[in-house]
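Please examine the sequence and the three-dimensional structure shown below. The paragraphs that follow lead from single residues to the protein as a whole.

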Amino acid sequence: MELGSSIGPCFKSANPPVLTSRNTNLTLRRRSQRFSFSVSAVSYKDFAESALQETRKRLVLEPSPLQERYSSMTGLDGKTQLEMLAFKSPKIRLLRSMAIENETMQVFDFAGFMEPEYDTPIFCANFFTSANTNIVVLDLNPLHQLTYQTDYQDKYYKNIMSIYHKYDEIFPWGGKLTGESIKFFSPLVMWTRFSSSQEKHKALFTAFLEYYQAWFEMTIQVKEEMEPSQVRANREAQHKYLTWRAQKDPGHGLLRKLIGEAKAKELLRDFLFNGVNELGTKTFIDYFPEYQTEDGAVSDKRSIVGKSFETRPWDSNGLFIG
């Protein structure tokens, strides 16, 4: 069964909650012949609330046990605020959000992980905004890695590639991605960098909701897997993904700076990529032995293969062309 063909009626068109936040000075200011953007003009917490509000219209979300442990934190500077939300449903193992704010930046990390009985992709939204720069990754990460056309790709991505093409001009490819990390992305991925503007942030909000709508519809349509071997395969695939992200997530350095190394590691493993300790026992080296150093530790290098993709490695139909 191909999923995604009936996407549309469940989400009403929302008014972008962008550029209407607490700070009333929302204009672009010319400084030294360059435009500077008020960071507080964007509220990524509104992105999360819009997605959650639409989700609650069709299913009951319960607070995850993680919500009690992780709700908010204050950075080492006494000013940076980290706010977390965590929910679950019978099919969704974890639907969680983290928003970081201070005077110079905002970070948004929103993800959805299914129970192992379902092979639905992983919803992934990672946004970083500073005064002059935005870095965005928005994708439905494949649970089972894609290289060439497969039944899994046809099932989940074939009917929704048009979503990517709606935004590929306003959000062009953002530059190099390593050969190792590209395996965890789908041909739907929006990987981009841009300077802040009212138009871009409104478009990003719309894209975020459309991607989330596509993923959420998949979670509604997907049928429970009854074959034990496939459930095991789903569990291991998700555990491999979480193990990679917890070890190599590019946000680790920023979290270390904001809250210290110990709390950063805990937040990565226990909240952002929860399941590393629960879904399996394999280590990072078990999955990725090429990263093992001579002393048995994990290499700090982002890439061992050395190959990177400076341009989009999929064609317009989603076929991997390298």
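Glu 210 lies in helix H6; helices (H or I, at least four residues) and strands (E, at least two) are DSSP runs, numbered from the N terminus. The model is a predicted one, in which local features need pLDDT of at least 70 and side-chain atom pairs count only at pLDDT 80 or more, while totals for chains, interfaces and linings use all residues. Residues are numbered from 1 along each chain as its sequence is written, and side-chain values use heavy atoms, with hydrogens and water left out.

Glu 210 counts as buried because its relative accessibility is 18%; buried means under 20% relative accessible area, exposed over 50%, and partly exposed in between (1.4 Å probe, protein chains only). Not counting residues up to four places away in sequence, Glu 210 touches Ile 163, Lys 166 and Tyr 167, where contact means heavy atoms within 4.5 Å.

Phe 208 touches Phe 47, Ala 51, Phe 108, Phe 110, Phe 123, Ala 125, Phe 127 and Leu 138, residues up to four places away in sequence not being counted.

Two of these partners can be followed further. Phe 110 is found in strand S7 and, with a relative accessible area of 1%, is therefore buried. Beyond its neighbours within four places in sequence, the contacts of Phe 110 include Ala 48, Leu 95, Arg 96, Cys 124, Ala 125 and Tyr 212. Phe 110 and Ala 48 are 62 residues apart along the chain, yet their C-alpha atoms are separated by 7.2 Å.

Ala 125 belongs to strand S8. Its relative accessibility is 0%, so Ala 125 counts as buried. Apart from residues up to four places away in sequence, Ala 125 touches Phe 108, Asp 109, Phe 110, Val 137, Leu 138 and Phe 208.

The strands themselves come next. Strand S8 (residues 122–130) pairs with S9 in the antiparallel sense over 8 bridges; two strands pair if DSSP finds at least two bridges between them. A hairpin of 3 residues joins S8 to S9, and Ile 122 stands opposite Asn 141 in S9. S9 is also joined by 5 bridges to strand S11 (residues 190–194), again in an antiparallel arrangement, with Asn 134 opposite Phe 194 in S11. Is strand S9 largely enclosed or largely open? Strand S9 (residues 134–141) has 7 of its 8 residues buried, so it is largely enclosed by the rest of the structure.

Lys 240 is found in helix H7 and counts as partly exposed because its relative accessibility is 24%. Leaving aside neighbours within four places in sequence, Lys 240 is in contact with Gln 145, Tyr 287 and Phe 288. Lys 240 and Lys 282 are 42 residues apart in sequence and 8.3 Å apart in space, C-alpha to C-alpha.

A search of the whole structure finds 1 cavity of 30 Å³ or more. On a 1 Å grid over the protein atoms alone, a cavity is a set of points where a 1.4 Å probe fits but cannot get out, and lining residues have an atom within 4 Å of a point. The largest cavity has a volume of about 30 Å³, a volume being the space filled by probe spheres set on the points. Among the residues lining the largest cavity are Arg 96, Phe 110, Ala 125, Tyr 241 and Phe 273. S7 supplies the largest share of this lining, 4 residues.

Finally, the protein as a whole has 10 helices and 12 strands. Of its 322 residues, 54% count as buried. Residues 24 or more positions apart account for 66% of the contacts with a separation of 6 or more.

How values were computed:
On a 1 Å grid over the protein atoms alone, a cavity is a set of points where a 1.4 Å probe fits but cannot get out, and a pocket is an open set with protein on both sides within 12 Å along at least five of seven lines; lining residues have an atom within 4 Å of a point.
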